[in-house]
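Open the model in your viewer and keep the selection tool at hand. This tour goes stop by stop.

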Amino acid sequence: DIHRGDVASDLSSNDIARGASSFDAHVIIMNHPGKIYPGYNPVIDCHTAHVACQFSKLKTKMDRRTGVVTEENPEFLKNGDACIAELIPSKPLCVETF
């Protein structure tokens, strides 16, 4: 059976799709009432998958329009901030590089 979030891959290829144990994501905080600290565990929509992911590390805070880094290893994020964060999915999740 095929379910939401399933990923198809070519088994004859050396580069088959696998679940990520962690990944770096470019995140923009939109319409969030409080501050986001490492350990926060929201539900992430990645393509058709709907999986809870933990913010394990906030790597850089950046200007969301230009991408210029404004702070390394920020303590928290708030509404309107953009960042690169390391996320750990609670279930297997296949993500693509960007």
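The stops below cover aromatic rings, a lysine and the cysteines.

**Before you start.** This is a predicted model: local features need pLDDT of at least 70, side-chain atom pairs count only at pLDDT 80 or more, and totals for chains, interfaces and linings use all residues. Residues are numbered from 1 along each chain as its sequence is written, and side-chain values use heavy atoms, with hydrogens and water left out.

**Stop 1: Tyr-37 and Phe-76.** The structure holds two aromatic pairs. Rings of Phe, Tyr and Trp (its six-membered ring) pair if their centres lie within 6.5 Å; planes under 30 degrees apart count as stacked, over 60 as edge-to-face and the rest as tilted. Select Tyr-37 and Phe-76, a tilted pair with 5.8 Å from centre to centre and 50° between the planes. Tyr-37 is in the loop between strands E1 (23–28) and E2 (43–46), while Phe-76 is in the loop between strands E4 (69–72) and E5 (82–89), so the pair ties together parts 39 residues apart in sequence. Strands (E, at least two residues) are DSSP runs, numbered from the N terminus. Tyr-37 is partly exposed at 39% relative accessible area. Phe-76 is partly exposed too, at 22%. Buried means under 20% relative accessible area, exposed over 50%, and partly exposed in between (1.4 Å probe, protein chains only).

**Stop 2: Tyr-40 and Phe-55.** Now select the other pair. Tyr-40 and Phe-55 are tilted, with centres 6.1 Å apart and 45° between the planes. Tyr-40 belongs to the loop between E1 and E2 and Phe-55 to strand E3, so this pair ties together parts 15 residues apart in sequence. Tyr-40 is partly exposed at 31%, whereas Phe-55 is buried at 3%.

**Stop 3: charges over Phe-76.** The charged end of Lys-35 sits over the ring, 4.3 Å from its centre. The rule: NZ of Lys or CZ of Arg within 6 Å of the ring centre and within 35 degrees of the ring normal.

**Stop 4: Lys-61.** Lys-61 lies in strand E3 (residues 49–62). Lys-61 is buried, at 12%. Beyond four places in sequence, the contacts of Lys-61 include Val-68, Glu-71, Phe-76 and Asp-81. Contact means heavy atoms within 4.5 Å.

**Stop 5: the cysteines.** How many disulfides are there? A disulfide is a pair of cysteine sulfur atoms within 2.5 Å. The count is zero. Select Cys-53: its sulfur is 8.1 Å from the closest cysteine sulfur, in Cys-46, too far for a bond. Cys-53 is buried, at 0%.

Definitions and conventions
Helix = DSSP H or I, 4+ residues; strand = E, 2+ residues; numbered from the N terminus.
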